[in-house]
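Here is a brief report on one protein model. Look at the structure first, then read on.

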Amino acid sequence: MPELPEVEALKDFLTENLVGHEIVRVLPVAISVLKTYDPPVTSVEGHEVTAVRRYGKFLDLATAEGPHLVTHLARAGWLQWKNQLPSGMPRPGKGPLALRVALETGAGFDLTEAGTQKRLAVYLVQDPQEVPGVARLGPDPLADDFDETRFAALLKDERRQIKGALRDQSLIAGVGNAYSDEILHAAKMSPFKLAAALTPQETARLYEALRTTLTEAVERSRGLAAGRLKAEKKSGLRVHGRTGEPCPVCGDTIREVSFSDSSLQYCPTCQTGGKPLADRRMSRLLK
């Protein structure tokens, strides 16, 4: 799933390639991608893109005196830029293409989604705050006013595990499964630790890990073409998705806890005092 660093890099890439250009065609290929119908998505045609903004994991294309095209890439969605779009009409139901946006130059982008769980979402609204997912977002962790005091205030009454708290978009915008693993590894903290139980010292360490991990990921991605961002994300991850590999800090074996639709990765030596966390799925297999 694209998270804050990749969406921030996409924002920068699209700002460079879209702003000042006119959208001449919007072609919905998969009807499931459209989450609003009034005004129709085609009403953005003929409008010049004036800005590209990021709200958490949402991308917002603002147009001159017109609506906003807001996209959430969800788990398996992606944006593919093309300097020259194909001339023919795309065929519905053939491949992962969900929506195509064409500019007056002939360039544009495709929104694609792999797999069968269709969660990629496109909204056409007069104000991004009309999108429910945008309206409920918590503060952006890279904002200038997101200091340690504000972070501590968010966590003080959170009676749940810190991994879940970091992933809650209404608490903090933009962090998902992968970067929450990376942040907790950098903070040397168990993903199962209760957020409200953090000491001031632990909160300070977690805040520093949050800001540093995300800032470094954004810097690694900055300037890359859209097609290279997935590979950059994967190469920069130290524990997430690396079950069975050695921890780059201590050399211990990276372990995994599996859930029904996701998993987390961690280093026992760095994060849990050497003790493996209980993996219910594995426990059932061993019975």
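## Helix on helix

The crossing of H1 and H6 is right-handed; that word applies when the near helix is turned clockwise from the far one by less than a right angle, and left-handed when anticlockwise. The model is predicted: local features need pLDDT of at least 70 and side-chain atom pairs pLDDT 80 or more, while totals for chains, interfaces and linings use all residues. Residues are numbered from 1 along each chain as its sequence is written, and side-chain values use heavy atoms, without hydrogens and water.

H1 and helix H6 (residues 200–221) have axes that come within 8 Å and cross at roughly 40°. Axes are lines fitted to C-alpha atoms, for helices over the stretch in contact; angles run from 0 to 180 degrees between N-to-C directions. That makes H1 oblique to H6. Oblique is what remains after roughly parallel (under 35 degrees), roughly antiparallel (over 145) and roughly perpendicular (65 to 115).

From H1, Leu-4, Pro-5, Glu-8 and Ala-9 meet Leu-214, Ala-217, Val-218 and Ser-221 of H6. Contact means heavy atoms within 4.5 Å. The residues of this contact divide into six nonpolar, one polar and one charged. Nonpolar covers Ala, Val, Leu, Ile, Met, Phe, Trp, Tyr, Cys and Pro; charged covers Asp, Glu, Lys and Arg; the others, Gly among them, are polar.

## Sheet S2-S3-S4-S8

Four strands form an open, antiparallel sheet in the order S2-S3-S4-S8. Two strands pair if DSSP finds at least two bridges between them. Strand S2 (49–55) and strand S8 (121–125) are the edges, each pairing on one side only. The twist averages 20° from one strand to the next.

S2 and strand S3 (residues 58–63) run antiparallel, joined by six bridges. Arg-53 stands opposite Asp-60 in S3. Helix H1 (residues 4–18) packs on this sheet and touches S2 and S3; its direction makes about 175° with that of S2.

## Sheet S1-S6-S7-S5

Another open sheet of four strands has the order S1-S6-S7-S5, again with antiparallel pairing. Strand S1 (23–28) and strand S5 (77–82) each have a single partner strand, so one side of each lacks a neighbour in the sheet. Here the twist averages 15° from one strand to the next.

Six bridges pair S5 with strand S7 (residues 108–113) in the antiparallel sense. Gln-80 has Asp-110 in S7 as its bridge partner. H1 lies across S5, strand S6 (97–103) and S7, at about 25° to S5.

Key: Helix = DSSP H or I, 4+ residues; strand = E, 2+ residues; numbered from the N terminus.
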